[in-house]
Each structure stands twice: as structure tokens, then as C-alpha cells.
Amino acid sequence: MRRHALLLILSVTGLGLFLALHWGSGSVGPRPVAIGKTTMQLLPDETGKPQAWKVTKVEVPRDKLPDLVLPKPAPRTTPENGRTDVARALDAQALETWKHGDIKGALEKFRAAVKADPHASEPHSDYGRLLTLTTDYRHAMPHLERAAQLKPGDPQVWLDLATFYERNELFERAAYAKQRADQLAGGRNAIRDDNGFWIVEGSTFP
Amino acid sequence: MKRLIGVMALVVAFVGGVASTSYGDTVLTGTTRGGAFFKIVVPTAWNGDLVIWNHGFSLSPVGPVGDLGPLSALQLAEGYAVAASSYQQIGWALFHTKNDLQNMFGVFKANFGTPNRVLINGASLGGIVTDQADETTNLGNVVGAYPLCGVHGGSINWNGAIDLRLLYDLICSNTPAAAIPGGTTGLPAPGFPGFPFSTTQLAIAVNACMGILVPPDSRTPQQSANLSQFLSLTQLPQNFVLTDMGFALFGLSNVIFDPAKLDGGQGVGNATVNYDNGGPVDQQITRVAAAPGAASRLSANYIASGDIGSTKVVSLHTDKDGLVIVENENFYASVVSPSNLTTAIAVETTPTHCGFTAAETVAGWESLRAWVAGGQQPTAQDIQNTCEFLVANSLAPGPCRIDPNFVIPPLSNRIRPR
């Protein structure tokens with residue numbers, strides 16, 4: 001009996017400590033989360049039952065959009081060289097293959113072009129565009145973002161991202177990318193082509 | 001107009017992409033029941049109101065929230081807190097979005113207090129999530145809603161998906177390389193994501209049938225004929241064929257086979273549909289009847305009812321949207337009181353889904369803000385005027401294409417009744 005009583009006391013004390021930790025003494029809210037910390041908060045769910053949910057709090061300056069900042073590309077260790085020429089040649093072949101209706105062949109050639117020189121932006125752009133057109137968004141994204149990293153001053157790479165984000169219904173990012181493109185376009189208009197892709201007026205693709 | 005001049009500085013900040021650096025935002029992230037991620041951003045100079053952003057249809061795995069909507073920079077600059085949920089389900093997430101938003105709202109209240117007013121903003125599928133939230137979810141004092149290209153007809157739109165899938169099978173049966181596994185359920189069991197069929201395989205198949213990915217002069221006569229017949233029967237813009245086929249394949253199979261959705265129930269059918277008045281399509285297309293239980297579960301999750309109380313709604317759509325067709329706005333207007341709803345249609349040159357200009361998006365938002373602040377209900381013409389003001393003063397890039405005289409056809413004109 002004494003053992004049961006001890007267990008009961010320990011259980012009640014434990015529960016009390018748990019509730020005090022998560023709800024705070026004398027308060028009705030959960031334990032506050034400190035800036036830069038992650039904690040479990042005990043909060044009622046849609047049925048009113050308490051649930052422990054993980055919450056992280058950070059503070060960021062307004063001018064930072066952490067999710068939209070693309071990491072800088074690894075610096076090119078060598079100047080443009082024979083590999084770049086190979087990549088460009090394969091990219092051009094891929095575009096021709098695409099125009100002739102061989103989508104599978106075009107995808108393979110774009111893949112080879114990107115592999116030939118990962119630092120050349122055009123193959124990333126062209127490959128990413130075709131993947132976007134085929135709705136293979138999961139594979140398109142790294143190529144389009146890589147192209148933007150490699151050639152950040154080119155409005156078209158940001159228009160490609162705007163198209164991509166729009167099609168993925170990531171409208172905050174789409175607005176950001178379109179805005180970057182407009183800033184870089186120097187008065188040239190961005191228009192939509194027949195596929196609905198954003199392009200700098202006067203350019204065509206493929 | 002004075003109000004607009006008042007917000008000019010904020011809009012300039014929005015368009016410039018950078019708001020004041022003197023303020024920080026407190027960002028709260030985490031997960032709630034079922035694995036839904038949330039992100040809550042509260043500006044230091046919080047005005048006490050909350051904007052909830054509802055994202056659109058996505059078949060990507062559920063993950064941390066990376067997007068708070070096209071207006072979030074402006075909304076934060078205006079002092080609103082902004083919150084968004086990833087939802088716990090991919091695709092047609094309406095089976096649990098009510099709980100996801102409710103739980104996120106609980107987190108918000110516990111950490112920042114009850115907001116004075118709540119405004120709900122969403123796009124595409126996020127539009128019907130917004131409707132559902134207005135109508136059924138306890139999110140406090142919801143005073144306004146701003147759905148963009150919203151799929152207000154909700155589950156009715158899956159009827160269009162099954163038509164698309166079965167019309168494809170019929171029209172493309174003359175091209176062996178165009179064959180796609182499955183049929184009435186989109187993909188066969190277990191559907192997306194379990195069934196091994198990729199977006200690339202779909203693209204290659206659709207291209208084999210219709211030459212959709214190549215320039216018109218590279219298409220074979222058979223491809224051109226197939227494409228022409230497909231567009232005629234589906235009334236879709238050409239640049240949406242592949243996107244919509246993805247919905248009719250991956251999206252449809254996911255909603256049918258996901259155990260937390262219809263669990264294998266045939267929620268949509270075409271048994272009674274008239275495609276061509278008894279012609280060859282009616283005679284040859286595969287027919288399937290919807291299972292009543294699954295159909296009613298799909299309808300319950302969700303079709304807008306219009307029961308929004310006193311919430312004020314500004315709804316924006318593009319006229320040629322090939323994914324969420326503009327006729328959804330006709331449906332919504334048929335269930336919501338006209339005194340609570342202003343609909344504005346942007347007339348575009350190339351069909352897009354949600355392809356609004358920044359000026360159009362901001363104009364709709366500012367019109368809603370003025371309305372909930374006690375102003376008169378805006379008309380589509382008012383929103384167009386606001387848009388033109390923003391462009392004329394270089395506050396946001398245009399153009400402004402809202403046509404107040406645009407007549408929205410009924411949803412049944414594009415999605416055949418059954």
C-alpha cells in the first residue's frame with residue numbers, strides 16, 4: 001500500500017511539474033518560446049484536447065527573405081574552356097532535338113550538357129525550362145535556381161523562376177522573381193509566350 | 001483615393017522589395033497534428049490583425065512553409081501578422097484543412113493573443129480553403145476574404161478531371177505510344193504517389209498523341225487532329241493541356257486512393273454525361289458511375305456553400321484560366337449574397353492560372369481593406385480604377401485588365417452536368 005501511495009505522489013508531482021513547465025505558473029497560455037529557441041508547447045487542438053506541438057521562434061530583419069536568398073554558387077575554378085564549348089554544343093543539339101519532337105532525346109542531351117560543364121548557365125536554363133514545360137517541377141527547380149545563381153544579372157533567369165514559381169503556386173516567390181527581372185530588364189518588357197512562360201520581349205524559346 | 005495615397009509609401013516599399021529595415025519580424029514555425037507545418041510572422045509594429053494565407057494545389061511532399069503569398073511583404077509592412085499552413089495533406093487537402101487552420105490559429109492565439117480581426121487570403125485550391133474557412137472554421141473575427149483564382153466550385157471540378165482523363169483515352173487510342181495506365185481512377189491503385197508513373201512519362205505520352213511540346217509545324221497530321229479534337233471537347237487552352245492532364249492523372253488518383261481521402265471510393269463518374277448528343281464520343285467513351293458514399297464524401301470536402309455570415313469577399317480571377325476555370329466565379333456568385341461579394345475578372349492575352357499583375361493584386365487587396373474598414377462595397381470598376389491609380393503613380397507594375405462588364409458563364413457550360 002505504501003508503495004502505491006508513493007507512486008501516486010510521484011505521479012501527481014510529475015504531472016504538476018509537467019503542467020507547470022508547459023503552461024507556466026498562474027498563466028493561461030503555454031510556456032513562451034524564447035527567440036532563437038525551439039520548444040514543445042502544450043496547446044488545445046481543434047477538438048479542445050491538449051497536444052504537444054513543436055514551436056520555434058526567430059527574429060529576422062524585415063529586409064531579409066531567407067527562403068528566397070539563393071546560395072552563392074561555388075566559384076568557377078577554371079576559366080571557360082573546352083568543357084564549356086562541349087556543354088554549349090550539347091545544349092544546342094538538345095534544343096534541335098526538342099524542336100524535332102524527340103522530348104526524351106532532348107532531355108538526355110540537356111542532362112549531358114549540364115554534366116559537361118555545371119558552371120555554364122545556359123544548359124541549366126534550357127533544361128529547367130523543358131522540365132517546367134513537361135511539369136517535372138521537382139527536377140526543374142534546382143536547374144532554374146542554379147542558372148539564377150550563375151547568371152544573376154540576366155533578367156531571363158529570374159523570369160524563368162517567376163514562371164516556375166507561378167506554376168508551383170509559390171506566389172510570394174513568383175512576385176519576388178518577377179520584380180528582380182523587372183529591375184534588371186532596363187526598360188525592356190516582360191511578356192508571356194504561347195506557353196505562358198515569361199520572356200523578355202523580342203526573345204523566343206526554344 | 002486619400003486612403004490610397006496614405007498607403008503609397010508602403011506600396012512603394014512592397015514594389016521595391018524592401019520594407020523598413022528598422023523593424024524586425026518575429027517568426028514562429030512548427031508543426032501541428034497530422035504533420036502540418038505552419039509559419040507565423042508578426043511584425044514588431046503589429047496592428048493587431050491577422051492575415052491567413054492559403055496556398056494552392058501541390059503534390060510535393062508536405063514540408064515547412066516557404067511562401068506566404070504574393071502580398072505578404074505589403075501586408076507585413078501594413079502591420080498585419082501573416083500566417084500560413086502547409087496543410088497535412090498533399091493535393092486536394094480539403095479533408096483536413098479546417099483542422100490545420102484551426103490548430104494554427106490556436107498556436108497564434110496562445111503566443112500572440114487573439115487578433116482583433118482576421119482576413120483570409122488564398123489562391124487556387126487556397127481559394128476553396130478560404131471559402132471553407134469562412135464558412136465552417138472558427139478563426140475568430142473573420143471580417144474579410146480575398147480569394148485569387150479560387151476553385152469555388154470545389155469538388156465539382158473533379159468531374160472535369162475525369163472527363164479529361166477519359167476523353168484523352170478515347171482520342172489518343174489511335175497512338176500506341178500515348179497509352180497511359182489507368183482510366184476512371186486516373187492512375188491505377190495505389191494511385192499517386194505509390195504508382196510508378198512519372199510526369200516525364202506523362203509528358204512523352206501526351207506529346208506522342210498531340211505534339212503538345214513541339215512547335216506546330218513539327219506536329220504530324222494525326223497529332224494536329226488529335227489536339228484539335230481534344231481542345232474542342234474539353235474547351236481548354238492549349239498551353240494547359242499537360243498541366244490539366246497531370247491533375248486528371250496524379251491528382252485524381254490521389255484523391256481516390258488516399259486512405260485519408262476517398263480510400264479507393266470512385267467519388268466521380270460520367271455515367272450520364274452527354275458529350276456529343278449521342279455521337280461517337282458518347283458511344284465509345286469509357287463510362288463509370290460514381291459511388292454514392294465516396295461522391296458525398298468528396299462533396300463534403302468541399303464545395304462552397306456561401307454561408308459566410310458578414311464576411312466581405314473580394315474575388316479575383318483571370319478570364320482564360322485553363323486550370324481553375326473562371327466559371328468557378330459564377331458558381332460562387334450564385335451562393336454568396338451580392339452584398340458580401342465583389343468579383344473582378346482580369347482579361348488576359350495568354351491564358352494563365354493566377355497570372356495577375358502586381359497592380360491588380362494590390363488593388364483588390366486595398367479595395368477589400370477599405371471595405372472592411374467601413375467604406376462602400378467596391379465594384380469591379382473601382383478595383384480597376386485603383387489599379388490604374390497604382391500604375392499611374394508608379395506604385396505597382398501593371399497593366400490593369402479588369403473588365404467590369406465581363407459576363408461570367410455558368411460552371412455547367414464547361415463542366416458537363418451529371
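Across the interface of chain B and chain A, 18 residue pairs are found in polar contact, both residues being at pLDDT 80 or more. A polar contact is a pair of N or O atoms within 3.5 Å; within protein, one must be able to donate a hydrogen and the other to accept it, and residues adjacent in sequence count only if both atoms are side-chain atoms. On the side of chain B that touches chain A, at least two residues each come from helix H2 (8-16), strand E1 (24-32), strand E2 (36-43), helix H3 (72-77), helix H4 (97-112), helix H7 (199-210) and helix H9 (241-257) of chain B. Strand E1 of chain B gives the most to this side, with nine residues. Helices (H or I, at least four residues) and strands (E, at least two) are DSSP runs, numbered from the N terminus.

The residues of the side of chain B that touches chain A divide into 29 nonpolar, 29 polar and four charged. In this division Ala, Val, Leu, Ile, Met, Phe, Trp, Tyr, Cys and Pro count as nonpolar, Asp, Glu, Lys and Arg as charged, and the others, Gly among them, as polar.

The structure is a predicted model, in which local features need pLDDT of at least 70 and side-chain atom pairs count only at pLDDT 80 or more, while totals for chains, interfaces and linings use all residues. Residues are numbered from 1 along each chain as its sequence is written, chains are lettered from A and ligands numbered from 1 in the order in which they are written, and side-chain values use heavy atoms, with hydrogens and water left out.

**Extent of the interface**

With contact meaning heavy atoms within 4.5 Å, 62 residues of chain B are in contact with 49 residues of chain A. The area buried between the two chains, B and A, is about 4300 Å², of which carbon and sulfur atoms give 52%. Buried area is the accessible area (1.4 Å probe) that two parts lose on being put together, summed over both. In chain B, the residues that lose the most area to chain A are B:Arg33, B:Asp67 and B:Leu213, together 13% of what that side buries.

**Salt bridges**

A salt bridge is a side-chain nitrogen of Lys or Arg within 4 Å of a carboxyl oxygen of Asp or Glu. Over all chains, a search of the whole structure finds 17 salt bridges, and the rule finds one across the interface of chain B and chain A.

| Pair | N to O distance |
|---|---|
| B:Arg33 and A:Asp45 | 2.0 Å |
| A:Glu122 and A:Lys151 | 3.5 Å |
| A:Arg129 and A:Asp160 | 3.0 Å |
| B:Glu327 and B:Arg414 | 3.2 Å |

The salt bridge of A:Glu122 with A:Lys151 ties together parts that are 29 residues apart in sequence, because A:Glu122 lies in helix H4 (residues 121-133) of chain A and A:Lys151 in the loop between helix H5 (137-150) and helix H6 (155-167) of chain A. A:Glu122 is partly exposed, with a relative accessible area of 27%, and A:Lys151 counts as partly exposed at 34%. Buried means under 20% relative accessible area, exposed over 50%, and partly exposed in between (1.4 Å probe, protein chains only).

A:Arg129 and A:Asp160 form a salt bridge; A:Arg129 lies in helix H4 of chain A and A:Asp160 in helix H6 of chain A, so this pair ties together parts that are 31 residues apart in sequence. Both A:Arg129 and A:Asp160 are buried.

In chain B, the salt bridge between B:Glu327 and B:Arg414 links distant parts of the chain, 87 residues apart: B:Glu327 is in helix H12 (residues 327-335) and B:Arg414 in the segment after helix H14 (380-392). B:Glu327 and B:Arg414 are both buried.

B:Thr318 is found in strand E7 (residues 312-318) of chain B and is buried, with a relative accessible area of 0%. Its side chain is joined to that of B:Glu348 by a polar contact of 3.4 Å, and a polar atom of the B:Thr318 side chain lies 3.3 Å from the backbone oxygen of B:Thr352. Not counting residues up to four places away in sequence, B:Thr318 touches residues including B:Val326, B:Ile345, B:Cys354 and B:Phe356.

B:His55 lies in the loop between strand E3 (50-54) and helix H3 of chain B. The side chain of B:His55 reaches the backbone oxygen of B:Ser86 at 2.9 Å.
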